[in-house]
Amino acid sequence: MEQAIKAVEMLEADALQIHLNVMQELLMPEGDRDFTGYLEHIRQIAEAVPVPVIVKEVGFGMARESIRQLIDAGIRMIDLGGSGGTNFAVIENRRSPQPLAMFEQWGLTTVQSLLEAGTCARPDVYFIASGGIRHGLDACKAIALGASAVGVAGYFLQMVQTQPLDACMEAVELFHHQMKVAMTALGTRRLEELRLRPLTITGETALWAWMRGIDCRPYARRGDEFFGAL
Ligand SMILES: Cc1cc2nc3c(=O)[nH]c(=O)nc-3n(C[C@H](O)[C@H](O)[C@H](O)COP(=O)(O)O)c2cc1C
């Protein structure tokens, strides 16, 4: 808690972000193996620091059991950090003398995590979607599924390493343009309006959601009021 307060003061930070990376630590040869008191520390930090605290996963996603615990601990911003993009299990296995390849598919995808988060939705809790967001349409889909913001790491990082800075800046512009194309096609002026459009979830994700007791039908039908009013 003292470290958290000091970090915020030193940087005059607007927010503090704590990452959860249990699977990464477990696969890392030099990783932490002791997670005792983790949730309690998060609760204490959230109470003590004067800025918002964001808790994020780093690519293994979050189920509603964890999301609820974080909300109960006072967290109001959660970055779901799902699988489907940068994979820290693969990265750690490449470094490890004893790679555990069977864990490379571990975790929930970003879409699954957003569906889980949807069951815990509250007006004072904000979800950030990250993990495998590669273009503006991905971002729009994440927002339509309930995210307030998206995070992109691997896609831009790879570009920064292989392309000149100008091209990277253009890629950011292009990302925004892709969002505008999707929003115009859907007749939405504001990002929040994406959440009023019907969204059909099919295939393996729908089956998985059903097993978890998450009803995907309201997502597919939520445009009814809007189209009825036309
Ligand atoms: C090289 C690299 C380093 C990262 N370091 C951190 C970190 O220190 N803390 C953290 O919370 N997330 C870290 N992340 C995870 C990202 O913040 C993010 O959750 C994830 O990579 C997003 O998925 P994407 O890369 O598929 O866009 C890192 C990601 C990359 C690619």
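In helix 3 (residues 38-48), the buried positions are I42, I45 and A46. Their directions from the helix axis to the C-beta atoms span an arc of only 100°, which places them on the same side of helix 3. E40 and E47, on the other side of this helix, are exposed. Here a residue is termed buried if 20 or more other C-beta atoms, placed from the backbone, lie within 10 Å of its own, exposed if 12 or fewer do, and partly exposed in between. Helices (H or I, at least four residues) and strands (E, at least two) are DSSP runs numbered from the N terminus. The structure is a predicted model, in which local features require pLDDT of at least 70 and side-chain atom pairs count only at pLDDT 80 or more, while totals for chains, interfaces and linings use all residues. Residue numbering starts from 1 along each chain as its sequence is written.

The cover over the buried residues of helix 3 includes helix 1 (2-11), strand 1 (16-20) and strand 2 (53-57). Contact denotes C-beta atoms, placed from the backbone, within 7 Å of each other.

The largest nonpolar core comprises 34 residues, of which I78, L114, A129, A142 and A147 touch the most other members. At least two residues of this core are supplied by each of helix 3, strand 2, helix 4 (64-72), helix 6 (110-118), strand 4 (126-130), helix 7 (136-144) and helix 9 (165-185). Helix 7 contributes the largest share, five residues. A nonpolar core is a set of buried Ala, Val, Leu, Ile, Met, Phe, Trp, Tyr and Cys residues joined through C-beta atoms within 7 Å. When neighbours within four places in sequence are left aside, I78 contacts V55, M62, I67, L70 and F127. Another core, of six residues, lies apart from this one and has L27, V58, F88 and A89 among its members.

Within helix 7 lies A139, which counts as buried because it has 24 C-beta neighbours inside 10 Å. Residues up to four places away in sequence not being counted, A139 touches I133, V150 and M179. A139 and F175 are 36 residues apart along the chain, and their C-alpha atoms are separated by 8.9 Å.

The ligand is surrounded by 17 residues, the closest being H19, G85, T86, A153 and G154; a residue is included if its C-beta atom, placed from the backbone, lies within 6 Å of the molecule. Helix 8 (residues 154-162) provides the largest share of this shell, three residues. By class, the shell consists of six nonpolar, ten polar and one charged residues. In this classification, Ala, Val, Leu, Ile, Met, Phe, Trp, Tyr, Cys and Pro count as nonpolar, Asp, Glu, Lys and Arg as charged, and the others, Gly among them, as polar.

Note on methods. Contact = placed C-beta atoms within 7 Å.
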